[in-house]
Amino acid sequence: MSSTFPGREHALRITGGTQLAGSICVSGSKNAALPEMAAALLTKQAVVLSNVPKVTDTVLMAQILSGLGGRVEGEGTMALHMGGAGKSDVSDELGRRMRATIVLLGALLGRFGHARVPRPGGDDIGARRIEQHLRGLRQMGAHITETQTEIVGEVERLRGQRIVFDLPTVTGTENILLAAVLAEGRTEIFNAAREPHVQDLCRLLAKMGARIEGIGTERLVVDGVRELGGAEHTVIADYLEAGTYAIAAAAAGGELRIECSRPEDLHVVLLKLEQAGAHVEVGEGSFRVGRQARTRLKPIDMSTWTFPGFPTDLQAQYMALMTQADGESVISEYVHENRFQHVRELAKMGAGITVQGRIHAIVHGPCRLRGTDVSIPDIRSGAALVIAAMCAEGDSLLRNAWHVERGYEDMAGKLASAGAKIESVTVDSEATTAGHSYE
Ligand code: EPU
């Protein structure tokens, strides 16, 4: 996660063809840590989070919280003292760099009755709408105005309400939870997102004194309390990082033990890997995934869905795996409306993939992949390109590695320790990489 000089950028250099062996320890979840850091706004006491992944998104959230007048100490184990926070306006410059800053809206309204956050734009993986967040907060009494560039909310005190999502939204559920815990009365969220990171946020809030029922289900009931206190909490293991390395092991072959993880969050992913011909052995807090070189991969169709379905955040990696399968597979993306950016870059390596409309992609395996220079379009596509490069003949250079650094702690180091030929290098920036866009 080191910085680069102007005109220089991080890239990943990968030589394909080696199998994986050994073990990798999974870090804490980025998508849990971000709303949990925002939750620290809801108390004057310290919230101490351990297992915070050392990735650029958590560094950015710490900077934003400091900018609001709080004090954030440490990395990995992070003490957040937001008692002294006095500002409820999120800096444009920092806020725009990460879509997850939207969860500050619910937390700031709960703490200050006022919030101003930069409007998260649509991005490469879809429109990324937030109307359900705003509808819920309005129902709770907030007066919200939207401009092209920002969202401003005002409220005397939030009131509990019955909120129905027409489709489960992860940060929308988190936003309403953060608003509801200090609201007056009962909030019910129907069709809530159930992802492990949403559940983990509920557990932290409960430790802080929040009254939440239905954790892990699609109906969350929150009884607002007057005040929340400090808490100590270990951020849940990142099932998306674990799933990424599991898919990498199935693709590259060999045998990898994935430690510090929660295989129970990956049932559908592990099922698909077994159906495709990988060997999976599940333990307590760890699991193994392997494939012998002589075992050919089978093409297995896959559709993404909200938890506990196959996560959209592992779709690109699974597509890279299917390029190595003996036959055609259909991959359907039902969560985000435009999440096939990796297809163009995979094609540069020799993958045969046909995208049909906005939902389906047909992978024409087996594809003989060749190492080449590619440009990472977003975080999960980056993970997919790493997997493809590990299966390719020769060397690949993956530019725009900053995308991967946003959410994967030391991916190159972890994979290299398991035998992959991968290193993080510094190269001259391409002129076209100047404008960063964020998931
Ligand atoms: N949606 C609406 N209206 C809304 C909210 C969402 O139509 O008000 C739609 C979205 O446009 C999208 C779908 O519902 O098509 C799901 O969106 P969701 O709100 O659940 O996504 P998110 O909260 O913006 C989080 C993760 C994403 C992950 C999605 C889905 C964080 C910080 N981000 O985004 O993670 O893909 O949930 O699981 O938790 C990543 O880590 O790579 C990443 C993009």
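Where does Pro-366 lie? Pro-366 sits in the loop between strand 20 (360-364) and strand 21 (373-375). Keep in mind that what you have here is a predicted model.

## Two cis peptide bonds

Let's stay with Pro-366 for a moment. The peptide bond that joins Gly-365 and Pro-366 is cis, and its omega is about -5 degrees.

There's a cis bond to find at Pro-308 too. Going from Phe-307 to Pro-308, the peptide bond is cis, with omega near 10 degrees. You'll find Pro-308 in the loop between strand 17 (302-303) and helix 10 (315-322). As background, most peptide bonds are trans.

## Positive phi angles

Now for the backbone at two other spots. Most residues other than glycine have a negative phi. Asn-51, though, has a positive phi, near 65 degrees. Look for Asn-51 in the loop between strand 3 (46-50) and helix 2 (56-67). With a relative accessibility of 31%, Asn-51 counts as partly exposed.

Asp-410 has a positive phi as well, near 45 degrees. The loop between helix 13 (402-405) and helix 14 (411-417) is where Asp-410 is found.

## The nonpolar cores

Head inside and you'll meet the largest nonpolar core, which has 75 residues. Leu-20, Leu-273, Val-289, Leu-398 and Leu-415 are the ones with the most contacts inside this core. Helix 8 (residues 239-252) gives the core its largest share, 11 residues. There's also a second, separate core of 73 residues, and among its members are Ala-38, Leu-49, Met-98 and Val-235.

What does Leu-415 touch, leaving aside its neighbours within four places in sequence? Leu-415 is in contact with Leu-20, Ile-24, Tyr-245, Val-386, Met-390, Ala-420 and Ile-422.

## The cysteines

How many disulfides does the count come to? The count comes to one disulfide. Cys-25 and Cys-260 form it, with their sulfur atoms 1.9 Å apart. The torsion about their S-S bond is about -125 degrees, so the disulfide is left-handed. This pair ties together distant parts of the chain, as the two cysteines are 235 residues apart. Cys-25 belongs to strand 2 (residues 20-25), while Cys-260 is in the loop between strand 14 (254-259) and helix 9 (267-275).

Cys-391 is in no disulfide, and the nearest cysteine sulfur, that of Cys-367, is 11 Å away. Cys-391 has 18% relative accessibility and counts as buried, because the cut-off for buried is under 20%.

## Around the ligand

Last stop: the ligand. It is surrounded by 22 residues, and the closest are Gln-132, Thr-169, Thr-171, Asp-313 and Val-335.

Some of these residues place polar atoms by the ligand's oxygen atoms. For Gln-132, a polar backbone atom is 2.8 Å from an oxygen atom of the ligand. For Thr-169, an N or O atom in the side chain is 2.7 Å from a ligand oxygen atom. For Thr-171, a polar side-chain atom lies 2.5 Å from an oxygen atom of the ligand. On its own the ligand has 830 Å² of accessible area, and the protein covers 94% of that.

Conventions. Residues numbered from 1 in each chain as written. Predicted model: local features only at pLDDT ≥ 70, side-chain atom pairs only at ≥ 80, totals over all residues. Heavy atoms only, no water. Core = buried A, V, L, I, M, F, W, Y, C linked by side-chain atoms within 4.5 Å. Buried < 20%, exposed > 50% of the residue type's maximum accessible area, 1.4 Å probe, protein only. Helix = DSSP H or I, 4+ residues; strand = E, 2+ residues; numbered from the N terminus. Contact = heavy atoms within 4.5 Å. Disulfide = S-S within 2.5 Å. Near = heavy atom within 4 Å. Polar contact = N/O pair within 3.5 Å; in protein donor to acceptor, adjacent residues only side chain to side chain. Areas by Shrake-Rupley, 256 points an atom, 1.4 Å probe, with all protein chains shown as cover.
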